[in-house]
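Have a look at the fold first, then run through the notes below.

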Amino acid sequence: RCCYDKFGFIVEESKEDGRDANALSESGASVERRKSQESPEAVEPLDADGWSLLLDSCALTSSGESPEGSQETLKYYMRLGLPDSLRGRAWSVISAVNAVMDARDGDYQSIVEEATLRMESKQDKNASQIERDLRRTFPSHYLFRSNSEEEDMMNSSAILCEDFTPDGIEALRRILYAYSIYDDEIGYCQGMNFIAAMFFTFLPEEESFWLLVAIMNDDPYSMRELFTKDMSGSLETLFVADRLVRKLLPDLHQHLTNEGINISMYACQWLMTIFSSNFNFDLVSKVWDNFLVEGWKVVYRVFIAILSECEEELLNLPFEHILTFLRDKLPGKVDGQKILASSLGIRLRSKHIRKYTKEFRLMQSGEHLNKKGSPGPSGKNVKHRGKKFVQKLSKVGITKE
């Protein structure tokens, strides 16, 4: 029979993950413990009961506001680790999806019905792309296998959401078509399938849809900009990531530049899907735990941590081997717990992200920053650098329409 890991992916029997599905993730525990050793009172990660109480206290009030101090408390304990069994509920509470579902009871079903009518009448402009991508989405996961065997699944150690169904492809189809109706301007773009499917491995279908709505439109996520027709959000994200590599890993940045490796050649899917499409769920789940609390700083920290972990190996590889390593070998060998722990030690500040974001936007408009980081007078050389960066991305398929 098939063997599955705790996230529902087929694995070789010898590699089956035997850890308790309710065990705490250790992503940031070691770092936080080291910090706490200097204090008289060391704080341990919360167990499942402690997390249940914390999530109860963090649920939105009747006025729609989170209780004072809840965000910092969540941030602290999320870095220490979230029990896998509570991930679905935690994501729903943190993103306020639970409150949205109460306020919009029945809306998802109405959107699905409209999407179904469009599909049947063949009027949906996104249909062909969605249908192509459905079968490409996590084909080794039990939910999205064409011939899933429910008996095998029930005997495995995978975490099942409350509304268990082996036919995830139909659910994913409804979620993606529904979002294309909900946000007609964006419709559907490649990459959204992996995000929505990843949500569905932890949450029921309707909650997965509303979480997709939340991360696309709400702060501090605002992922919608990554999928606009002009690709402005993707270009900006890649620019910021490239600048952070240059600042924090200068030797690696120089080596990649010398070898002709542009950041979009390997990092576009990583960042557009926040690692969901490429990396194992041991990393993906932990990144999203923290991303939903802290926002984009988590993504950039993890990105730098991943490159830092393999920097020595990359520095000894030529062009063709670098791309093979980054695209094919690295994603499957990353240790999620180790990467999350090391990411917390990276000296990345929010001001760095703000600075590079501002630099990109000003370069796009033809302005530049002076040495103090403030907008300066328009300069042709700076505008040229902005165009040059975009042109590099265009050569590898990141284009504006």
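Ile 274 is buried, with a relative accessible area of 0%. This is a predicted model, so treat the angles and contacts below as computed values.

- Ile 274 isn't a glycine, yet its phi is positive, at about 50°.
- You'll find Ile 274 in the loop between helix 14 (264-272) and helix 15 (281-294).
- Phe 275 also sits in the loop between helix 14 and helix 15, and its phi is positive too, near 75°.
- Phe 275 counts as buried, at 0% relative accessibility.
- There's a cis peptide bond from Asp 219 to Pro 220, with omega near 5°; Pro 220 is in the loop between helix 11 (205-217) and helix 12 (232-248).

**Nonpolar cores**
- The largest core has 115 residues, and Phe 275 is among those with the most contacts inside it, along with Ile 215, Trp 288 and Phe 303.
- A second, separate core has 5 residues, including Met 231 and Phe 360.
- Beyond its neighbours within four places in sequence, Ile 215 is in contact with residues including Phe 199, Met 223, Trp 288 and Leu 292.

**Helix 2**
- Gly 50, Trp 51, Leu 54, Leu 55 and Cys 58 are buried in helix 2 (residues 48-58).
- They span an arc of only 130° around the axis, so they're on the same side of helix 2.
- Asp 49 and Leu 53 are exposed on the other side.
- Helix 3 (70-80) and helix 4 (87-94) are among what covers the buried residues of helix 2.
- Asp 47 caps the N-terminal end of helix 2, with a side-chain oxygen 3.3 Å from the backbone nitrogen of Asp 49.

How values were computed: Residues are numbered from 1 along each chain as its sequence is written. This is a predicted model: local features need pLDDT of at least 70, side-chain atom pairs count only at pLDDT 80 or more; totals for chains, interfaces and linings use all residues. Side-chain values use heavy atoms; hydrogens and water are left out. A nonpolar core is a set of buried Ala, Val, Leu, Ile, Met, Phe, Trp, Tyr and Cys residues joined through side-chain atoms within 4.5 Å. Buried means under 20% relative accessible area, exposed over 50%, partly exposed in between (1.4 Å probe, protein chains only). Contact means heavy atoms within 4.5 Å. Helices (H or I, at least four residues) and strands (E, at least two) are DSSP runs, numbered from the N terminus. The arc is that of the directions from the helix axis to the C-beta atoms. A polar contact is a pair of N or O atoms within 3.5 Å; within protein, one must be able to donate a hydrogen and the other to accept it, and residues adjacent in sequence count only if both atoms are side-chain atoms.
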